[in-house]
Every structure is written in structure tokens, then in C-alpha cells.
Amino acid sequence: MKKAVRLDKFLADAGAGTRSEVKKFIQKGKVQVNGVPAKKSEIKVSEEDEVVLDGNRISQAPEFVYYLLHKPAGYVSATEDKRDKTVMELVASDRKGLFPVGRLDKDTEGLLLITDDGALAHELLSPKKHVDKTYYAVTDGCMTKEDVQRFADGLEIGEKNPTMPAKLEILSTRKVEETELEQYPSGWSSEIQLTIKEGKFHQVKRMTEAVGKKVVYLKRISMGVLTLPDDLKKGECPAQPGVHGKPPGRGSRKCKEFSGRRSPEKAVEKAIAATYALRPEDVPSERGFRANRQRLQNAKRCSGPFLVL
């Protein structure tokens, strides 16, 4: 049994809001402990107590939490920075130990996982794991079939070894208008999708430059089995219905949240199952979150509100 903690800390750690937010909930009489309205934030509660907020029971704080953020441009992927805004400013949580898994450049958008689960971060980032990372990009320059082969063969980008084979898909190419020449000096623009298995510094941009083109827009759309939802707006998302003891009606949140007490793999599997409305038996259990990746990626999305890791 965990030791008793302050009511405001209990609520904040459980994801009911920041410390300042939950204190206001208590002041407004929205919180009950064992059927009695709580009047003070400092009263002590434990997992044996029944804590209710707006009619929803609040569970003990999870061991790990996971946020899937649609990172906008203009934020750095760091826990703190003296000059720039960080992605942590987009996470409405006072929970300690949260960090971004990997790094997206300041001008890059897209999927970024934020968690306090170090083991899962290692699974996603370790070079030995070779987890796929897929990007959508717009380039200055006309991508060709020869470029597709060069990416597949591996490119020299100034490192000790060439890059690992990468999958380049050319989505479109076009000759730009005269009014666009400042952004596309070559006179051509290409839309591409690129999947890599490494995470070298500025790797996508450096690989593109190695074939004589330049990235003008970059967005990560997936990392392993985690995929950026089409409806997740940059830097924000709507509040989700009450799930896993989390109360509804929190208002606008900066990113979607999933939490659990399971192992890292189980937590990811559970989130995938909820996202795609799969039955529990459809979720891989023996080989972790990377097993049966293709089947999960091809599964149909459920309709209506859904939970995203």
C-alpha cells in the first residue's frame, strides 16, 4: 500500500489537472473523499480512499504516463531551454520526470511522444532496435527514380558510415510558378515520404542535400506503430471522454494522454488497441509493441471519439 499524500498532489499525479487547477476544483466543492466534500487541499488520502471529482472516481496515479503531441514549428524538443519555447510547455501536467522521446528540429512538425517511461524511450530510440520513423517532406528540387535507389542503397552524409537503407516514396513533383522561385530556386518542388531506421542529427535534411535537393518543410507522421492522427491539430487537441479514471470536461488540452501501470510494451499495446478498436486478443503479447506491426497499421480506425497514445 502506498503512503498517504496530499489531496491536491493525488489528483494532479492522477492526471486530473495541474496543482493549481485541482486546488480550484477543491475550493469549488467539486471533490469528495469517501462521500464527504473535501474542503482543504492538504488533507491526506491513500489508494484505499474513494476520491471523486465531478462524479468520476479518480484512480491512484499511474506508474507511467504517455502523451502523443502534434508538435508545431517554433518549439524545441527539450525539457527546458533558456532561449526558446519547449514542447513541455504544451503539456498540461505538473508531473515530474516527463521528457520528449527523441528530438524534432525547431522548424519540424509532427509526432512526438512525451513520457516518463525510460524503458519505452530506449525501445524506440536505441539504434539496435531499428524502429521505423516516417516523415512527410516538401523539397526544393525534383526527386527522381535514381534518388529512390540512392536512398535505398544508403547515403554518405559526413558520418563514419553511410546511412542505413531508407525507403523514399515520391508523392508528386511539379514545376513551380515564378512567384515561388524565392522558396524553390531550382524551379521544381517535390512531395515525398521517407522512412528511416536511424535518428542521426538532421538526418532527413542531410540525406536530401546528399542528392542535391533541400527540405523546405518537414513533418514526422509515424514512429514504430505510433501514428499521428489526422484530427490531432498542431499543439492542441480536444478533451477526451473520461477513461482510465480520468475525468471528462477538462477543457482544451495540448496533447492526448494515455496512462497505465503495465509494462511499457503492454501500455503501448493497450493504447493501440483502444485507438483501432481491436479486441484484446488481437493485440500482440509475446513480442512487444513491434510485433504484428503491419496488421495493426492496416486495421480500420474506429468511428467517433477514440483514445490515442
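Let's start at Asp8, which is buried, with a relative accessible area of 0%. In this predicted model, Asp8 sits in helix H1, which covers residues 7-13. Its side chain makes a polar contact with the side chain of Arg19, at 3.5 Å. Beyond its neighbours within four places in sequence, Asp8 is in contact with Arg19, Val22, Lys23, Ile26 and Ser41.

The protein chain has an average pLDDT of 79, and 75% of the residues score at least 70. Two stretches call for care. Over residues 259-268 pLDDT stays under 50, and the model has 31 contacts there beyond four places in sequence. Over residues 270-309 pLDDT also stays under 50, with 75 such contacts. Where pLDDT is low, the predicted coordinates should not be read in detail.

The largest nonpolar core has 28 residues, and the members that touch the most others are Ile114 and Phe151. Two or more residues of this core come from each of strands E7 (64-71), E11 (109-115), E12 (133-140), E14 (188-196) and E15 (214-223), and from helix H5 (203-210). Apart from this core lies another, of 16 residues, including Leu11, Ala14, Ala38 and Ile58. In soluble globular proteins, nonpolar side chains tend to be buried together.

Leaving out residues up to four places away in sequence, Phe151 touches Met164, Pro165, Ala166, Leu168, Leu194, Met207, Thr208 and Val211.

Gln149 is found in helix H4, residues 145-153. Gln149 is partly exposed, with a relative accessible area of 45%, and its side chain makes a polar contact with that of Asp153 at 2.8 Å. The C-alpha atoms of Gln149 and Leu168 are separated by 8.3 Å, although the two residues are 19 apart along the chain.

E14 pairs with E12 in the antiparallel sense over eight bridges, and Tyr136 has Gln193 of E14 as its bridge partner. Strand E13 (residues 167-175) and E14 also run antiparallel, joined by eight bridges. Here Ser172 stands opposite Glu191 in E14.

Which residues of helix H3 are buried? In this helix, residues 118-125, they are Leu120, Ala121, Glu123 and Leu124. Seen down the axis of H3, the buried residues fall within an arc of 160°, so they line one face of the helix. Asp117 caps the N-terminal end of H3, with a side-chain oxygen 3.3 Å from the backbone nitrogen of Ala119.

Finally, here are two histidines with a backbone feature worth checking in your viewer. Most residues other than glycine have a negative phi, and most peptide bonds are trans. His130, in the loop between H3 and E12, has a positive phi, near 55°. His202, in the loop between E14 and H5, has a positive phi too, near 50°. The table sets out their values.

Notes:
Residues are numbered from 1 along each chain as its sequence is written. This is a predicted model: local features need pLDDT of at least 70, side-chain atom pairs count only at pLDDT 80 or more; totals for chains, interfaces and linings use all residues. Side-chain values use heavy atoms; hydrogens and water are left out. Helices (H or I, at least four residues) and strands (E, at least two) are DSSP runs, numbered from the N terminus. Buried means under 20% relative accessible area, exposed over 50%, partly exposed in between (1.4 Å probe, protein chains only). A polar contact is a pair of N or O atoms within 3.5 Å; within protein, one must be able to donate a hydrogen and the other to accept it, and residues adjacent in sequence count only if both atoms are side-chain atoms. Contact means heavy atoms within 4.5 Å. A nonpolar core is a set of buried Ala, Val, Leu, Ile, Met, Phe, Trp, Tyr and Cys residues joined through side-chain atoms within 4.5 Å. Two strands pair if DSSP finds at least two bridges between them. The arc is that of the directions from the helix axis to the C-beta atoms. pLDDT is the predictor's confidence in each residue, from 0 to 100.
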